[in-house]
Amino acid sequence: MAASVLLLPALTPPTYHRIVSPTLHIPTDPQVSVPVGLLACQRDPLLRELATTVVSCTVSQAPAVPSNGRKSKEKTPMPPAETLLEVILHDTVLFPEGGGQPSDVGLLTTSDKRVWKVIEIKRHGGHAVHYVSVPKEDVEAALQAFHSGAEVVASLGEEGYKKRLDHSCMHTSQHLLSAVLETRLKLPTLSWSLSTWPNPAYVEIPRNMTLEEIAFAQEAANGLVFEGRNVHVEVEEFDRDKIIEAKIAEGRGAEKGPPVDYTGGVKRTVIIDGVDRSLCCGTHFPTIHNLQLFIISHLDSVARSSTTSARLYFLAGPRLIEYVMTTHGRLTTAAATLSCGAPLVPERVEQIVEERKRMTKRVDDVEAELAAVIAKQLAAAVTDGQDDGVLHLHRTDDSVNALGFLSSIATALASEIASAPSPPSFLILLSSSPSVQTSTSTNVMMIFGSDEQKVKAVGEGLKGKLAAKGGGKGSRWSGKSSGVWSAARGTVVAGILADIRGQ
Ligand SMILES: [Zn+2]
């Protein structure tokens, strides 16, 4: 018989959510919305769906889902043929953005079995508002289906559940990391950011850390993950004045209190047993065992005008697995390209970079030598009075900087001419095209001469007759044209130079 593993669904223990105030109750009237702080997703972070009731539904007046200060690129895009409905439910398994944790996405199933997409959930005052995306032609039907008192099922769906697991994992990891940094290294967390999937998230701290400190924090965090400390939540009535007085003694975040626009009346503290107490609204895992493993990927310094802080990046759970897989994939690809085993990649890359540096230097040296030889030949032709010193040299060059090489020739030529006993008058046109030419190829040109007027005149001729673009100053002009450098172009150039020669 094949070996099999029985995977039991993870359940949140009944001791996870604790109402520590005797006067605080979860509203049971289906026409009253449960405040943020006591939502089903906050009482049971592993719950995937919930049958509940519609309290209200209106057509959203917002042109797009409010971004709540996030950068516009992170804003939920609104399909043009859709209308947004704002639905408030009695209770929900969908988490509204808060505490640095982004909003969930999910589904609402109405009694007619239609499934509607929730693209974002936001906290308005003390209540969760579901932004439901509805095709414009279905708005009337949707308003009917979401009438006050209607029964609906709110669910995370596959996509929403994956996203939630990741968010919960990273958020719980942040609490753990912040607690370790604060209690063991006296490093308070200034802020944190749950970056978009699959990038590492970070906590911002007031100074850089040494490699030893980073290793220490990572080991301490993983030690606690291995122990699998339990996490639970304590809720009580929220009194803003009391919270502000409580300061840090009540745990991290206590001095700030909930957001100023929060009107839900619930104070919620997330506790990692023996490690951390933190005021937070997030959907934290019931145990830090769920984080699986914890890694600090790197540290970045952040220099501002008056302060210097640092961002410590971290990964855990599904995001860590994705990170390891992606990183491993990149390493394997690089190893195949370099025809070596993965462990040898850094050494091979170092070798190649060194070789490349040497090769670049050699190409520079050879180019300088070649430019000098070409310049000598041109100087000899000019001195001999060949074609009245008006010459054209066309080259084939696949360099990304072919104009740079033409410029080197012109510079070498200038010193050759200057050293002649009686400097002759001359005008040299240098041009260069790639070995394989198409209609989009770029040809580069350089004019160098003793008579600035003639240099300018030839430049104007190239612009007029070859549709070249360019310009110059004094004795030099440079430009480019696109297309194939054909024999016909050579004839046009010869014509332009013949006109100058006659002057
Ligand atoms: Zn938090």
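For burial, C-beta atoms are placed from the backbone: 20 or more others within 10 Å of a residue's own counts as buried, 12 or fewer as exposed, and anything in between as partly exposed. Lys186 sits in the loop between α3 and β8. Helices here are DSSP runs of H or I with at least four residues, strands are runs of E with at least two, and both are numbered from the N terminus. Phi of Lys186 is near 55°, a positive value in a residue other than glycine.

Ser339 also has a positive phi, about 50°, and is not a glycine. Its place is the loop between α6 and α7 (345–383). With 8 other C-beta atoms within 10 Å, Ser339 is exposed.

## What kind of model this is

The model is predicted, so local features need pLDDT of at least 70, side-chain atom pairs count only at pLDDT 80 or more, and totals for chains, interfaces and linings use all residues. Residue numbers start from 1 along each chain as its sequence is written.

## Domains and the coiled-coil stretch

UniProt, in an unreviewed entry, puts a "coiled-coil region" at residues 349–376. UniProt positions follow the numbering used here, feature names are shortened, and annotations may be inferred rather than shown by experiment. In the model, residues 349–376 are 100% helix and 0% strand, with 40 Å between the end C-alpha atoms.

## Nonpolar cores

A nonpolar core means buried Ala, Val, Leu, Ile, Met, Phe, Trp, Tyr and Cys residues joined through C-beta atoms within 7 Å. The largest one has 75 residues, and Val132, Ala221 and Phe314 touch the most other members. Helix α3 (residues 157–185) supplies the largest share, eight residues. Domain 1 and domain 2 each put in at least three residues.

What does Ala221 touch, not counting residues up to four places away in sequence? Its partners are Leu176, Leu177, Val180 and Phe294, where contact means C-beta atoms, placed from the backbone, within 7 Å. There's also a second, separate core of 34 residues, with Phe405, Ile409, Ile447 and Leu466 among them.

## How α3 meets α6

The axes of α3 and helix α6 (residues 317–338) come within 6 Å and cross at roughly 100°. Axes are lines fitted to C-alpha atoms, for helices over the stretch in contact, with angles from 0 to 180 degrees between N-to-C directions. The two helices, α3 and α6, are therefore roughly perpendicular, a label for 65 to 115 degrees; under 35 is roughly parallel, over 145 roughly antiparallel, and the rest oblique. On the α3 side the contact uses Leu165, Asp166, Cys169 and Met170, and on the α6 side Gly317, Pro318 and Arg319.

## Two prolines in loops

Pro96 belongs to the loop between β3 (82–89) and β4 (106–110). Is Pro96 buried or exposed? It's buried, because 24 other C-beta atoms lie within 10 Å. Leaving out residues up to four places away in sequence, Pro96 touches Val36, Ser103, Ile121, Lys122, Arg123 and Ala128.

Pro198 is in the loop between β8 (191–193) and β9 (201–205). The peptide bond joining Trp197 and Pro198 is cis, with omega about 0°.

Note on methods: Domain bounds come from an automatic or database domain assignment. Two residues are in contact if their C-beta atoms, placed from the backbone, lie within 7 Å.
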